Amino acid sequence: MSRQRITLSVDDTVIDRLGNLISLTYSWYSGKHKDVVNGQNIIVITMKIGARVIPLSIRPVSKQGRDNTSKPAIFRDMIHEVVDLFKKDGIDLTRFPITFDSWYGSKDLVDILEEVEFDQILIHAKSSYVFTIDGKKKKLSEHKEGLQFSEEAWGCKGIPVARKEAVSPTFGKTILVFFMDGSRIKCIMVFGRKLRASEAISIWKQHNGVEQFWRRLKNDLQIHKIRLRSRQGVYGMVAIKLFAYLVMEKLSFLTGLTFHQIKNRAKREIDMLSFF
């Protein structure tokens, strides 16, 4: 298990939509455009096992309806469903770490995960967050300026790191792990078990799996090209592309080819039936 480094990750994306007839299209902030755009927002929970990225739950988000449709409420439903589903087969997902981008950072999120009994929770920290470290209360961006990094921390393979205990008016007590990523200083908030810096960095490196999932769904599988109407159409769009992803992921695992290589090979094949 340690060599495979199994982790769960949660992230959402926006599928750009220009028309007015496609359901669940609202104004969302897009990380790609760095602005608010019209589109469909989708949340996913993925599991990364070695090099494989497996989607466990995926759901379009609505801003309207009788039920509470906020992202924390939707995520609460999703994580409970996934954890309960795996428990039926004797697998306890709460044993594994779970990671989030800074957008999800909130006390409500931590409470939801502790309620489900996750004890390794990692959230990317925004520079605007306020923490008290060594008796000094200021923004994270200011704390970064006076940090003393160590390049000899156990298990960090020469990555300059700094590990601090901190208190946040929003999150309460947490462990902050700072590390150099090229010329940038990144910071991860750690809740639950007090992980070593090396453990936190190793777990965080797995977070790119969920970003890889979105790239495959958008670039390789062209999810934006399906334009089905009605709420059922949106769920149909997601289901079709999710099945396609699972087929491609299985083929990639069996053949050792990337998604892009499989696409190129499929185009060269005359008989698609013989290819599959």
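**Note on the predicted model: contacts, cores and helix packing**

1. Leaving aside neighbours within four places in sequence, W214 touches D11, D12, T13, I42, I43, V44 and I58, contact meaning heavy atoms within 4.5 Å. W214 is part of helix α5, helices being DSSP runs of H or I with at least four residues and strands runs of E with at least two, numbered from the N terminus. W214 counts as buried because its relative accessibility is 6%; buried means under 20% relative accessible area, exposed over 50%, and partly exposed in between (1.4 Å probe, protein chains only).

2. The model is predicted: local features need pLDDT of at least 70 and side-chain atom pairs count only at pLDDT 80 or more, while totals for chains, interfaces and linings use all residues. Residues are numbered from 1 along each chain as its sequence is written, and side-chain values use heavy atoms, with hydrogens and water left out.

3. On the scale of the whole chain, there are eight helices and eleven strands. Of the 276 residues, 46% are buried. Among contacts with a separation of 6 or more, 57% join residues 24 or more positions apart. The accessible surface of the chain is about 15300 Å², and carbon and sulfur atoms account for 50% of this area (Shrake-Rupley method, 1.4 Å probe; for residues, only the protein chains shown count as cover).

4. The largest nonpolar core contains 40 residues, and those with the most contacts inside it are F75, I79, I98, F100, F118, L176 and M189. Such a core is a set of buried Ala, Val, Leu, Ile, Met, Phe, Trp, Tyr and Cys residues joined through side-chain atoms within 4.5 Å. Helix α1 (residues 71-87) supplies the largest share of this core, six residues. Beyond its neighbours within four places in sequence, F75 is in contact with V10, I45, I98, F100, L109, I112 and L113. Apart from this core lies another, of 21 residues, which includes I58, I223, Y245 and M248.

5. Helix α6 (residues 230-255) and helix α7 (residues 259-268) have axes that come within 9 Å and cross at roughly 95 degrees. The two helices are therefore roughly perpendicular. Axes are lines fitted to C-alpha atoms, for helices over the stretch in contact, with angles from 0 to 180 degrees between N-to-C directions; under 35 degrees counts as roughly parallel, over 145 as roughly antiparallel, 65 to 115 as roughly perpendicular and the rest as oblique. Y245, M248, E249, L251, S252 and T255 of α6 meet F259, I262 and K263 of α7.

6. Q222, in the loop between α5 (208-220) and α6, has a positive phi near 50 degrees. Q222 counts as partly exposed because its relative accessibility is 24%. S230 lies in helix α6 and has a positive phi of about 70 degrees; its relative accessibility of 33% makes S230 partly exposed.

7. I159 is placed in the loop between α3 (140-145) and β9 (161-168). Setting aside neighbours within four places in sequence, I159 contacts S150, E151, F179, M180, I201 and K205.
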